[in-house]
Every structure is written in C-alpha cells, then in structure tokens.
Amino acid sequence: NSERRLQKFRDKQKFRSTLNRTVSTESLINHDANNDTDDHNNDQDLNATNHPHHTHHNVQNGDANKTITSVVSMTSTISQSVSRRMYHQKSLGYESLDYDICENMLHLEEENNARRKGLGNHYLEFTRWLVIFFIGVLIGLTACCILYSVETLTNYKYQKLMNLLNSSNPNSMIKPYIIWLLTNGIPVFLGSWLVTYMAPVAAGSGIPVIKCYLNGVKVPEVVRVKTYFAKMFGVICSVVGGLACGKEGPMIHCGATIAAGISQAKSTTFNLNFEIGLSRFREDHEKRDFVSAGAAAGVAAAFGSPLGGVLFALEEGASFWNQQLVLRIFFCSLVSSFTLNSVVSVFNGERMGSPGLLNFGKFQDIDYSFYEIPLFAAMGVFGGITGALFNLFNMKLTILRQRWLENRRLLRVAEAVFVSLLTATIGFALMNVWSECTPETTEETQFPVTYGCQKGQHNVMAALWFNTPEATLKNLFHNKDGAWNIRSLTIFVITYFFISCVTYGLSVSSGLFIPGLMLGATWGRLVGIGLSYALPNETWIHSGKFALIGASASLGGIVRMTISLTVILIETTGNLSFGLPIMITVFTAKWVGDCFNEGIYDIHIDLSNVPFLGWQPPSDSSRIFASEVMHSPVTSLQVREKVRNVVQILSSTHYNGFPVVDENTIHQAVRTFGRYRGLLLRSQLLVMLKAKIFQEYSLDAPWKNLNSLFRNSYPRYPNLQQIMNELTTDELEMTMDLRPVMNPSAYTISHAASLNRIFRLFRALGLRHIVVLNDYNEVIGIVTRKDLAFYCTVRFDKH
Ligand code: ATP
Ligand code: MG
C-alpha cells in the first residue's frame with residue numbers, strides 16, 4: 001500500500017515540475033483548479049478524512065471553499081500530503097527542537113535589565129562556565145563509578161570461575177558451566193529489565209539518539225534522569241554479564257543526560273525544580289550547547305581523549321558551532337578526564353596517568369616505513385568491507401526485531417538473556433572443543449585457565465573469552481608475537497563477529513566501540529602472524545602493530561567516523577607518530593564502507609524513522625523551489641486576536657508554529673495570506689492562555705516581568721483542555737496582544753528560494769519553522785524541519 005502511494009507521489013512530482021516559479025497571492029486565490037481536478041479527486045477522500053488541518057478549512061462557506069480548492073490544488077499539496085502524512089505518522093513522537101533564539105520584547109527587556117544592573121552578559125557567561133565545570137566533574141565521577149563497579153564485579157566473577165574450572169574434574173564441567181550461565185544471565189536480566197521497563201531509549205550505545213538530539217529532534221525521554229540511571233547501571237550489568245559490548249559508548253549518552261540535568265536544574269523524574277538562577281538556560285539552544293559539551297566530555301572520560309571528545313561533538317553532533325562553544329566543550333572534556341584521572345590515581349595510589357576508561361597502554365616498538373602504508377590501506381579496505389557486512393547483518397536483524405519484538409517488552413528481556421547465555425555457551429564450547437595450550441610465560445592474561453592443559457600451560461581460547469572485552473583487547477595489542485595461534489584467533493574472530501552483531505540492538509545499554517576494535521584487533525593480529533610466516537627474516541613485523549591497524553580499520557568500517565575516531569585512537573595509544581597510518585586506515589575503511597551502506601548509527605537512525613537532516617542537501621535540490629516544498633494554506637494569527645479565536649485554532653489544529661500577520665490583512669475565510677509580522681509558537685500561546693495575559697487585564701505593557709513565565713514551563717507546556725476549562729465566557733471575548741511574545745525576526749524566505757538554500761538555513765541555524773513569503777511580504781506557506789526531512793527522504797528516494 002505504501003509503495004502504491006509513493007508511486008502516486010512520484011507521478012505527481014512530474015506534474016509539479018511544470019509549475020511556474022512565481023507565486024503571488026492573487027495567483028494563488030484565482031488560480032483555476034482545472035489542471036488538478038484529477039489529482040484532487042484521487043486523494044480527496046484521504047485528505048478529508050485523515051488530515052485534520054484540511055477538514056478545518058473545509059468548514060467554510062461556498063465561496064471560501066472554492067478558494068481553498070484552488071489554493072490547495074495550485075501547490076499540489078494533496079498529493080504531497082499523502083506521502084507527507086505517511087511520513088508524519090511514521091515519525092510521530094519526534095517533535096523538532098528550535099535552536100533559533102526568540103528575540104522578542106521579553107528578551108530585549110531582559111537584556112536591558114541586565115545592562116542596567118551593570119552585569120551585562122558577564123554574569124550569564126560566568127554561570128555557564130560554572131555549570132560546565134560541574135557537568136565535567138559529574139561525568140568524570142560517573143565514569144569512575146562505572147569503571148570500579150565493572151572492574152570489581154568482573155574480577156570477582158572471573159576469579160571464581162577460573163578457580164572452579166581449574167580445580168574441577170575434566171569429566172564434570174557441568175558446575176562451572178552452570179555458574180558461568182548464571183553469572184552471565186542474572187546481570188544481563190537485571191540490566192535489560194532496567195532498560196526495557198524504565199527507559200527504553202537507553203538501549204544501545206546512545207550515540208544515535210544523541211546525534212538526533214543535536215540534529216534538532218526531540219527524542220522522548222532522551223535526556224531524563226531515569227535514562228541516566230538506566231544507562232549507567234545498565235552498562236555495568238551488560239559488561240559484567242559478559243555480553244560482547246563495551247562501556248564507552250554509553251558514557252556519551254550519560255554525559256549528555258548529566259549536562260541536560262544540571263543545566264536545567266530540574267528533573268521531571270523526581271519532580272524537582274531548583275530555583276538556583278539557572279532558569280536562563282531553559283531554552284532549546286542553551287540546553288543543546290550543554291548537551292554537546294556533555295557528550296564530548298563523555299567521550300573524553302570514556303577514552304581519555306579530550307580532543308577526541310571535542311571533535312566527536314563537531315563531527316557527529318552539533319549543527320551549530322562557534323568559538324565560545326568549542327572552548328566550553330573543550331573545558332568540559334578536560335575537566336571530566338581530569339576528574340576521572342584524579343580519582344583513579346587516588347584509588348590506585350599512583351601518580352596521574354590514566355585519563356580514560358579505556359587505555360590501550362603504551363605501544364613500545366611501534367614504527368613504520370613508507371612501504372607499509374599500502375598495506376595499511378589494504379587493511380582499511382578489508383575493514384570497510386567487513387564493517388559494511390556487519391552493518392548489513394545488523395540492519396536485517398534490527399528490522400526483524402522491529403517487526404517481532406517492538407512492543408513486547410518481556411520478549412526483549414528474554415532475548416537479551418538468551419544472547420548472554422549463548423555467549424557463555426559458545427565460549428565454553430570453544431574452550432572445550434578447540435582447546436589449545438601455550439606455555440604460561442608467553443601469555444599475560446589475568447585469569448589463566450589451565451583446564452585441559454598440562455602443568456605450566458594454559459588454555460588459549462579461555463584467555464580470549466575469560467575477561468572483560470577491554471582487557472582482551474589490550475592483550476591482543478600488547479602480547480608478544482606468538483602468544484596466540486592462527487586457529488584460535490580465526491575461530492574466535494568469526495564467532496565474535498556474529499555474537500557482537502547480534503548483541504548490538506538488544507534491549508540493553510551497550511557500546512559498540514570495543515567489539516568493533518576487538519574484531520579488528522583479532523584479524524589484524526592474524527595479518528601480522530601471516531606476514532611473519534611469509535617473511536620470517538623481517539624485523540618490522542610486530543603483530544601488535546597490525547592488531548592496532550586492524551582495530552582502526554574495523555571500527556572505522558562500522559561506525560564511519562573519521563576525524564574523531566582517528567584522534568581518539570591516537571590519544572588512547574598515546575602515540576602521535578602513528579597518527580598517519582591510523583588516519584589512512586580509518587579513512588580508507590570509511591570510503592570503502594560508504595560504497596555499500598551507511599554507518600551503523602545512521603542505519604539505526606533511519607530505521608527508527610527519525611526526521612534527521614544530513615549534512616548536505618540532496619543533489620538536485622537547487623532546481624526545486626520553496627513553493628513546492630512548503631505547506632499551504634497557512635493558518636495565521638493577527639497581531640491582536642480574540643481569545644476565542646486562539647483557543648479555536650489551537651484546538652482544531654496540531655500545528656506548532658503560527659505566522660503572525662497585520663490586522664485586517666488576513667483573508668478571513670481561510671485565515672491566511674496576511675502581511676507577515678512574526679512567528680509565534682503553540683507553546684507560547686499555551687503559556688499566555690494559562691497565565692491569562694489578556695489586554696483587558698493589564699492595559700499597559702502586559703509583558704512586563706514575564707520572562708520567567710515562559711522558561712518555567714519549559715519543556716512541558718500546559719494542557720489545552722485544562723486551560724479551556726479554566727477560561728470563563730467573558731475571558732473568551734477578551735483580546736490577546738501577540739506582539740511582545742512573538743518572534744519578530746524569525747527567519748522567512750521568498751517563495752522563489754531553492755530547496756538547497758532552505759536546507760542550508762535549517763541545517764546551519766537549527767531552525768524549526770520557516771515562513772514562505774510572496775513578493776508583497778504576505779504569508780503564502782510554511783516549511784517545517786520535518787517537512788524538509790520528509791522531502792529529502794521521500795522525494796529523493798533515500799529509501
Ligand atoms: P514539529 O511538530 O516537530 O514542529 P511538524 O512538521 O510536525 O514539526 P507541525 O507544526 O506539527 O510541524 O505541523 C504539521 C504540518 O502542518 C507540517 O507539514 C507543517 O508544514 C504544517 N503546518 C505547520 N504550521 C502550519 C500552519 N500554521 N498552517 C498550516 N500548516 C502548518
Ligand atoms: Mg508536529
């Protein structure tokens with residue numbers, strides 16, 4: 001059915017491309033609808049029954065009806081509306097954020113007050129830095145908490161298991177196996193239950209949702225306190241439960257939630273609202289800046305990589321960027337990394353030296369020559385291909401999960417527990433079936449399992465499975481040549497590929513960095529071993545070096561980050577001179593991977609139907625004009641409106657933005673086409689109605705001292721039904737002056753502007769609405785962020 005509708009939509013695009021570029025009010029109103037009668041008839045039923053804002057207009061008298069018909073047909077909104085509605089239905093639940101600053105009279109008054117007090121913006125700036133500092137500290141402490149919990153619990157678990165395995169009779173392995181199953185299953189059950197029932201948005205690594213948030217999409221509950229707890233405890237459970245995942249990705253999400261929580265000084269989860277002078281930050285764009293800093297600090301604490309954090313925020317997140325913001329983000333990253341470092345050094349009684357959760361340790365003899373560079377690039381190509389395969393499998397699996405497990409919470413928990421049991425079973429089976437032994441001296445694993453081996457030797461396969469993924473990764477990087485053999489590594493890499501692929505997307509809080517690195521480190525080491533067999537006399541072949549290159553290639557091929565990943569890897573290895581090989585590998589992996597599919601995070605964003613705006617406008621977008629993209633007719637408000645009208649419009653439409661137009665310029669029948677004055681949001685109207693800011697109540701300057709009113713209700717606004725119940729009949733006849741509250745300088749665009757230009761405006765400024773004007777400054781259409789995302793996905797056949 002949806003295919004059919006899409007086809008219909010495409011057919012109509014052909015017709016629309018013949019449309020004239022110039023649109024004026026007259027032409028809109030007087031346009032003869034003959035051209036479109038077919039279109040109209042086809043879709044009329046759909047339109048009338050399902051599109052509330054059109055039915056609203058249809059309740060007009062005969063004359064107006066004619067006007068509406070011609071207006072609607074002129075812009076072919078009907079055909080668009082079919083696909084548009086499909087899209088809106090799919091992306092339901094995701095509202096847009098508004099990163100534009102509303103410079104209304106309230107804002108001006110606030111600025112003036114601050115200037116009069118002699119504080120200017122210094123006080124605000126100082127508070128920002130202070131808040132950033134606390135955010136950094138708290139993120140550092142969260143990282144410590146995760147680090148120590150994971151370390152203590154896993155040490156205990158593997159120590160006990162190792163003792164059991166080493167002391168038990170080879171013929172009665174059932175007890176250690178059952179204990180292993182339990183120590184995997186119970187934590188994963190707890191973690192998964194927490195995530196699934198408390199905060200489903202905390203599932204996965206959290207990078208996709210933070211990307212969406214910074215892109216301008218309000219993913220429900222994404223930065224709530226409960227999400228933070230689910231994320232933090234969830235990731236401890238997943239890692240302790242032996243899942244193939246890391247604890248680094250979730251730190252980014254944790255950082256973002258901390259930033260949002262502290263900067264807003266209120267929590268919906270706990271119903272708390274602290275009046276500590278931070279209410280100026282209760283705006284989308286302020287909050288976004290803090291969230292960017294929090295995400296960056298999360299990366300910094302996770303990888304001990306403050307620069308990587310800043311670049312991550314730049315590459316993956318912030319749509320808006322300026323010098324001040326970079327400074328704050330960098331400061332936040334440094335503070336979080338420093339906090340973690342200090343706590344760890346105090347605990348370990350050492351000098352400061354471990355700035356992150358993940359540390360690859362110092363690589364000793366890591367050097368390279370020119371002739372190795374093609375080899376690194378070749379490994380990048382392989383990483384790109386395996387990454388693309390990983391993403392493909394994971395995508396198919398995610399689609400299946402969406403189909404069968406979407407709203408079945410118990411099954412989602414059961415699935416997670418099943419995968420954790422499967423991981424233990426596979427590990428156990430491999431240890432038994434392919435047990436190979438090496439002398440203990442060549443191995444540096446923390447928990448040597450001597451099971452199945454002679455005295456003085458230990459099980460190689462167990463050394464791979466019997467540890468946190470981070471520790472195994474470190475061993476793969478640093479163990480001497482000859483510590484692992486080809487057969488064990490090959491079997492391990494194949495099984496781990498599938499296990500980690502299945503694990504990502506479970507309803508648990510889990511990171512993807514470590515499994516990605518681990519896969520690459522394993523096959524990279526295999527490359528190293530292969531080379532040393534082929535060229536036995538060469539001294540430049542160290543398997544550790546190839547493990548690092550393999551890890552970069554593999555992760556680059558999966559996540560497709562370039563600059564931030566390179567810097568993170570350079571910082572975690574602490575070796576700048578090896579930066580170029582890492583960069584070449586990561587970039588090659590990305591380019592090769594991009595030939596096949598998108599990065600894993602983008603795939604997950606696409607699959608969840610989030611209206612996401614990419615970096616670039618679609619290729620032929622300069623040939624499409626605003627008049628084609630816009631939604632028309634537009635429901636507008638006059639600068640002074642009757643309360644009754646406002647309530648009626650709010651209750652009969654679901655629009656979030658209303659252009660405000662001059663009085664008596666509006667076309668009364670359709671409430672549209674007035675001369676543009678500004679833009680007002682639904683939320684602002686609701687707050688005004690709730691507080692009864694009516695002219696009759698306060699004749700002179702009704703907006704005085706109302707600044708905090710709007711901020712205090714952010715981000716959850718009053719309910720319309722409740723407001724309606726509170727309004728008396730007299731009040732309904734009162735007048736509202738919208739001028740002080742509306743945004744008088746909201747962005748507008750001419751009907752002849754190209755889609756390319758609109759896209760760039762939206763992307764760069766983080767807008768939510770843009771009003772389309774004709775040559776006479778009259779409102780003829782509106783484009784929202786979601787409309788644009790719709791256009792880029794449906795119209796350009798992204799799917
Ligand atoms: P979001 O709700 O996240 O802000 P949206 O695209 O859903 O984004 P809405 O304001 O909910 O925006 O409007 C839904 C649809 O109606 C959009 O396609 C938009 O173009 C259109 N629209 C928005 N405001 C008006 C308006 N005042 N008059 C007519 N149509 C509008
Ligand atoms: Mg909407």
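Biologist: Is strand β10 buried or exposed, and why?

Modeller: Strands here are DSSP runs of E, at least two residues long, and helices are runs of H or I, at least four, numbered from the N terminus. Buried means under 20% relative accessible area, exposed over 50%, and partly exposed in between, with a 1.4 Å probe and protein chains only. In this predicted model, five of the six residues of β10 (residues 676-681) are buried, so the strand is largely enclosed by the rest of the structure.

Biologist: Which strand is joined to β10?

Modeller: Two strands pair if DSSP finds at least two bridges between them. Here β9 (residues 657-661) runs antiparallel to β10, with five bridges joining them. Across from leucine 680 of β10 you will find phenylalanine 658.

Biologist: How many residues of helix α10 are buried?

Modeller: Nine of the nine, residues 207-215, so α10 is largely enclosed by the rest of the structure. Lys211 and Asn215 are among those buried residues. After the helix comes glycine 216, with a positive phi near 115°.

Biologist: What about phenylalanine 587, and which residues does it touch?

Modeller: Phenylalanine 587 sits in helix α24 (residues 579-596). Its relative accessibility is 23%, so it counts as partly exposed. Contact means heavy atoms within 4.5 Å. Leaving out residues up to four places away in sequence, phenylalanine 587 touches Thr562, Ile563 and Thr566.

Biologist: Thanks! Which conventions lie behind these values?

Modeller: Residues are numbered from 1 along each chain as its sequence is written, while chains are lettered from A and ligands numbered from 1 in the order written. Local features need pLDDT of at least 70 and side-chain atom pairs count only at pLDDT 80 or more, whereas totals for chains, interfaces and linings use all residues; side-chain values use heavy atoms, with hydrogens and water left out.
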